[in-house]
Number of protein chains: 2
Amino acid sequence: MERLLQQLKDIHHLSTEIQQQLQECFTKTVLPKGEFLITEGKVCRHLYFLEQGCLRGFYNLDGKEITHWFGFENDFVTSFHSFITQEPAVENIQLLEGCILWAISKESLATLLNTYHEAERLVRIAYEKYYIRLEERYVNAQFRTATELYENLLQRAPHIIERISLGYIASYLGMSQETLSRVRSRL
Amino acid sequence: MERLLQQLKDIHHLSTEIQQQLQECFTKTVLPKGEFLITEGKVCRHLYFLEQGCLRGFYNLDGKEITHWFGFENDFVTSFHSFITQEPAVENIQLLEGCILWAISKESLATLLNTYHEAERLVRIAYEKYYIRLEERYVNAQFRTATELYENLLQRAPHIIERISLGYIASYLGMSQETLSRVRSRL
DNA sequence: ACCTGTTTTTGACTATTGTCAAAAGATGTC
DNA sequence: GACATCTTTTGACAATAGTCAAAAACAGGT
């Protein structure tokens with residue numbers, strides 16, 4: 001819980017009142033490796049804060065799993081599309097390690113936003129930070145050779161390379177595992 | 001201005017007070033085809049509402065222009081990264097047609113957000129809509145052949161194909177103009 | 001209808017990457 | 001230490017897409 005509050009404080013000042021309220025809204029969740037946090041087709045009713053562990057978001061395309069995102073410590077995770085619209089999720093989120101998470105329901109969040117105007121600003125600023133990271137991920141994703149894509153990732157997000165297994169990274173970069181393996185052997 | 005207010009009302013209810021305030025904050029801007037709204041390297045101090053016309057966002061990669069986004073009527077446009085962080089923009093936004101835009105400065109927006117708490121919610125919800133469109137654009141962007149990418153775009157955003165010239169669409173889909181031309185001839 | 005400049009199409013060739021299949025290397029457990 | 005399982009590497013071949021260059025189609029203006 002300390003980590004979560006600290007992350008929120010980094011975004012914007014928090015009154016003691018709202019801090020107490022937050023403590024009540026979030027529930028600790030511990031899940032083992034391999035488990036699914038979000039499953040394709042189900043509506044996603046919670047937003048999670050990831051205290052410990054890592055996970056991946058992926059969707060299916062012609063029977064192939066496409067990893068489009070990795071989550072690590074201090075990230076807020078959910079299928080944002082499904083959480084916002086309350087339509088069934090098109091993606092899955094799977095734990096790549098055992099994880100400690102803090103969950104808040106859509107309803108609790110809505111109540112929080114209606115009660116505390118400062119919470120509204122908190123969420124907006126969190127979105128901005130999230131959006132900027134998303135943008136950085138996609139700039140440089142196009143028109144590159146496998147080698148360039150890998151070198152770019154190595155600079156931009158070495159923690160992904162250190163921690164995630166080859167097949168998932170290949171899927172994330174949009175190439176086959178074999179190609180990625182060959183790229184690596186050439187460096 | 002009517003269109004802008006209507007768009008905002010679609011997002012969330014507006015009090016008459018805030019409507020008047022909005023009228024004062026936005027400035028009408030008319031620019032000819034080819035002009036740049038945002039230029040790489042310059043800090044972007046305005047957010048625009050596009051009433052009429054269309055435009056493209058692109059960045060340079062090894063001397064090649066990569067179009068990553070198109071804007072049409074009723075879109076809010078800017079280099080969000082630069083506008084939010086006030087760092088120099090990494091992308092350009094160029095008008096593909098003559099356009100009518102409504103501009104609001106970063107300062108005016110900040111004042112608005114501090115004065116009217118409901119504006120805070122307005123921006124958050126606008127972000128959510130924007131984010132969802134962005135996500136839809138990138139899902140299905142990977143692991144596909146040129147033909148599939150084009151067919152996907154045809155379904156998802158036929159207005160882009162009808163209105164934008166071949167070279168820009170090719171750049172947007174991450175393929176050469178020649179390949180796109182061949183794909184089209186096969187259908 | 002004609003000229004001019006721009007956009008789109010076509011052709012030939014090359015390079016990169018995907019696919020399938022098998023081998024080699026790690027990791028964990030008994 | 002040996003076995004089973006999972007991950008990574010290597011090899012051979014086919015298919016897809018990029019590049020360069022030239023031709024054709026289209027649009028706007030006179």
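Mentor: A residue is near a strand if one of its heavy atoms lies within 4 Å of it. Keep in mind that this is a predicted model.

Start with DNA strand D. There are 18 residues around DNA strand D, and those that come nearest are Leu166(A), Gln177(A), Arg182(A), Ala146(B) and Thr179(B). Of the atoms of DNA strand D that come within 4 Å of the protein, 54% belong to sugar and phosphate.

Some of the contacts with DNA strand D can be named atom by atom. Leu166(A) uses its backbone: a polar backbone atom of Leu166(A) is 3.0 Å from a phosphate oxygen of DNA strand D. Arg182(A) uses its side chain, with a polar atom 3.0 Å from a base nitrogen of DNA strand D. From chain B, Glu178(B) also has a polar side-chain atom by a base nitrogen of DNA strand D, at 3.1 Å.

Next, the elements that carry these residues. Helix H8 (166-173) and helix H9 (177-185) of chain A, together with helix H9 (177-186) of chain B, each supply at least two residues of the surface near DNA strand D. H9(A) gives the most to that surface, with 6 residues. By class, the residues of the surface near DNA strand D are 3 nonpolar, 9 polar and 6 charged.

Now turn to DNA strand C. It has 18 residues around it, of which Ala146(A), Thr179(A), Leu166(B), Gln177(B) and Arg182(B) come nearest. Sugar and phosphate make up 53% of the atoms of DNA strand C that come within 4 Å of the protein.

Here too there are contacts to name. An N or O atom in the side chain of Ser176(A) is 3.2 Å from a phosphate oxygen of DNA strand C. Glu178(A) has an N or O atom of its side chain 3.0 Å from a base nitrogen of DNA strand C. On the side of chain B, a polar side-chain atom of Ser181(B) lies 3.0 Å from a phosphate oxygen of DNA strand C.

For DNA strand C, at least two residues of the nearby surface come from each of H9 of chain A, helix H8 (166-173) of chain B and H9 of chain B. H9(B) has the largest share of the surface near DNA strand C, 6 residues. That surface divides into 3 nonpolar, 9 polar and 6 charged residues.

Both protein chains take part in this, and the relation between them comes next. Chain B can be laid on chain A with an RMSD of 0.0 Å by a turn of 180° and a shift of 0.0 Å along the axis. That is the relation of a two-fold axis. Arg124(B) has the C-alpha nearest the axis in chain B, 2.5 Å from it.

The chains also touch. In the interface, 40 residues of chain B are in contact with 40 residues of chain A. The copies meet through the same surface, because 100% of the interface residues of chain B are also interface residues in chain A. Between them the two chains bury about 3,600 Å², with 61% of it on carbon and sulfur atoms.

Side chains of opposite charge can pair when their charged atoms come close. The rule finds 4 salt bridges across the interface of chain B and chain A. In one of them, Arg124(B) pairs with Glu120(A), and the closest N and O atoms are 2.2 Å apart. The count of residue pairs in polar contact between chain B and chain A is 9.

The side of chain B that touches chain A consists of 19 nonpolar, 9 polar and 12 charged residues.

How values were computed:
Residues numbered from 1 in each chain as written. Chains lettered and ligands numbered in written order. Predicted model: local features only at pLDDT ≥ 70, side-chain atom pairs only at ≥ 80, totals over all residues. Heavy atoms only, no water. Polar contact = N/O pair within 3.5 Å; in protein donor to acceptor, adjacent residues only side chain to side chain. Helix = DSSP H or I, 4+ residues; strand = E, 2+ residues; numbered from the N terminus. Nonpolar A, V, L, I, M, F, W, Y, C, P; charged D, E, K, R; others polar. Contact = heavy atoms within 4.5 Å. Buried area = accessible area lost by both parts, 1.4 Å probe. Salt bridge = Lys/Arg side-chain N within 4 Å of Asp/Glu carboxyl O. Least-squares fit on C-alpha atoms with pLDDT ≥ 70 in both.
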